[in-house]
Amino acid sequence: MNTIKRGMGLVSVTRWLLCLLAIFLTIHSAQASDAPQGMNAYDMLGEQLADVINQQDDKRMVKIFNLKEFFRRAARSMFTLERDINAYVAGSMKNGEVHLSKVLFTSTYQRNPNAKFIRTIKNNQPVVRLDYSDGGHEYLLLVVEKQGGGKLQIVDFFPLSSGQMMSETLGVVSQMLYNPSESLLKRLFGSVEYNEALGEAFKRIAKFRAAGNYKAAYRVLQAQPENIRTRRIMLHSAINLAGQIGETEYREQLALLDKYYGNEESAGFLLIDHHIYNGNFRRAQKSLDGIVGLIGEDGVLMLLKANTCLMAEDFVCSEQYARKAIAIEPALEDPYWTLINCQVHAKKYAQVVETLKYLEENFDYEFTEEAFADEVFYQDFIESPEYKRWLL
């Protein structure tokens with residue numbers, strides 16, 4: 001039986017994970033289900049990817065995700081010579097596509113995601129949302145191309161929290177950590193004095209990260225010159241590591257991202273956490289509006305807007321967006337608790353009872369007098385006639 005909640009928790013946005021980094025930490029040492037009628041080919045591919053992620057079906061994954069083309073795109077972000085591109089792709093693919101798919105999505109699977117296809121937006125980009133068991137969310141904008149015979153396959157994806165194509169991220173990170181040449185570092189960081197110690201530092205970061213020693217990797221990264229560690233690719237790496245260490249480090253790195261790149265629209269999704277931490281609810285709402293403008297409305301984005309209003313103590317706004325989230329995705333549970341929070345604050349106790357009854361009927365709750373007894377948030381409610389008529 002589920003237990004009672006104290007109204008609303010914090011807005012939770014996924015901490016950006018370089019999930020594909022796991023490929024190089026490991027490598028370097030589909031037949032689709034039926035889709036609903038009326039869906040176009042791009043919608044169907046989005047539905048298929050969501051189902052494959054939920055089933056963790058690597059054999060089906062390699063039928064809809066062209067990994068060879070993905071690694072070719074990664075190689076093109078680093079190399080210009082065709083022989084270098086081909087060597088990179090061959091080295092990446094040497095252990096086979098199914099194995100590669102398993103490694104590719106390991107970090108994602110570990111967070112127990114529930115994947116959901118949202119819609120296909122402009123440029124024929126299906127959008128898949130990942131709802132993690134720890135409360136975080138991610139949106140993947142899929143890059144789909146026609147392959148031989150006209151077959152549509154995914155060749156890349158754009159995680160909203162990274163602000164960069166994953167192939168480009170992978171290409172840059174893998175080379176920077178495993179083959180940090182002078183030419184690469186100058187291309188990434190501009191005027192920088194390359195020396196052997198700097199190259200070794202990046203290799204040490206990779207080694208510590210592979211061993212799960214996130215604190216050591218983080219210390220090495222933070223010891224680098226300011227013009228290197230404050231570049232966006234490095235800040236994302238630092239945020240990823242900090243998320244494995246503690247809240248203080250995580251907030252510090254988000255603050256740096258905001259300082260140097262806060263005006264870039266592509267940083268908006270990741271910075272929602274930062275704006276919430278600092279009580280800057282207007283900027284949090286602006287970031288959310290930018291995402292809605294890009295991919296449209298869904299239940300989670302409306303929930304995040306509702307919760308941001310709630311923390312700003314704008315209960316009318318919060319209730320409006322909570323109801324909108326429920327209308328869009330009735331099976332999403334959290335908006336009902338946000339709605340209850342607003343109803344309790346407004347002393348709309350008859351509506352509180354109505355919403356709690358709905359939760360009992362549809363989300364496997366069984367509320368008892370004991371469940372409410374020690375919850376300070378509900379004390380005024382449990383003194384009300386509406387509560388007594390309902391539960392006593």
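These legends accompany several close-up views of one predicted model.

**A note before the views.** In this predicted model, local features need pLDDT of at least 70 and side-chain atom pairs count only at pLDDT 80 or more, while totals for chains, interfaces and linings use all residues. Residues are numbered from 1 along each chain as its sequence is written, and side-chain values use heavy atoms, with hydrogens and water left out.

**View 1. The whole chain, to get your bearings.** The chain has 23 helices and 4 strands; helices (H or I, at least four residues) and strands (E, at least two) are DSSP runs, numbered from the N terminus. Of its 392 residues, 53% count as buried. Here buried means under 20% relative accessible area, exposed over 50%, and partly exposed in between (1.4 Å probe, protein chains only). The chain exposes about 18000 Å², of which carbon and sulfur atoms supply 46%; these areas come from the Shrake-Rupley method with a 1.4 Å probe, and for residues only the protein chains shown count as cover.

**View 2. An aromatic cluster.** Trp-337, Tyr-349, Tyr-365, Phe-367, Phe-372, Phe-377, Tyr-378, Phe-381, Tyr-387 and Trp-390 are linked into a cluster by ring pairs. Rings of Phe, Tyr and Trp (its six-membered ring) pair if their centres lie within 6.5 Å; planes under 30 degrees apart count as stacked, over 60 as edge-to-face and the rest as tilted. The count by this rule is 24 aromatic pairs. For Phe-372 and Tyr-378, the ring centres are 5.4 Å apart and the planes stand at 85 degrees, so this pair is edge-to-face. Phe-372 is buried at a relative accessible area of 0%, and Tyr-378 is buried at 0% as well.

**View 3. Two arginines over tyrosine rings.** Arg-111 lies over the face of Tyr-132, 3.8 Å from the ring centre. Arg-251 is placed over the face of Tyr-277, at 3.9 Å from the ring centre. A charge sits over a ring if NZ of Lys or CZ of Arg is within 6 Å of the ring centre and within 35 degrees of the ring normal.

View 4. Gln-153 belongs to strand β4 (residues 152–159) and is buried, with 9% relative accessible area. Its side chain meets that of Asn-66 in a polar contact of 3.2 Å. Such a contact is a pair of N or O atoms within 3.5 Å; within protein, one must be able to donate a hydrogen and the other to accept it, and residues adjacent in sequence count only if both atoms are side-chain atoms. Beyond four places in sequence, the contacts of Gln-153 (heavy atoms within 4.5 Å) include Leu-45, Val-62, Ile-64 and Val-144. At the start of α4, a side-chain oxygen of Asn-66 comes to within 3.3 Å of the backbone nitrogen of Lys-68. Helix α4 (residues 67–76) is mostly covered, with 7 of its 10 residues buried, among them Phe-70, Phe-71 and Arg-72.

**View 5. The disulfide and another cysteine.** The structure holds 1 disulfide, a pair of cysteine sulfur atoms within 2.5 Å. Cys-309 and Cys-317 form it, with their sulfur atoms 2.0 Å apart, and both residues are buried. Cys-342 is in no disulfide; the nearest cysteine sulfur, belonging to Cys-309, is 8.6 Å away. Cys-342 is buried too, at 1% relative accessibility.

**View 6. Arg-282 and Ala-312.** Arg-282 lies in helix α16 (residues 281–295) and is exposed, at 60% relative accessibility. Its C-alpha atom is separated by 9.1 Å from that of Ala-312, 30 residues apart along the chain.
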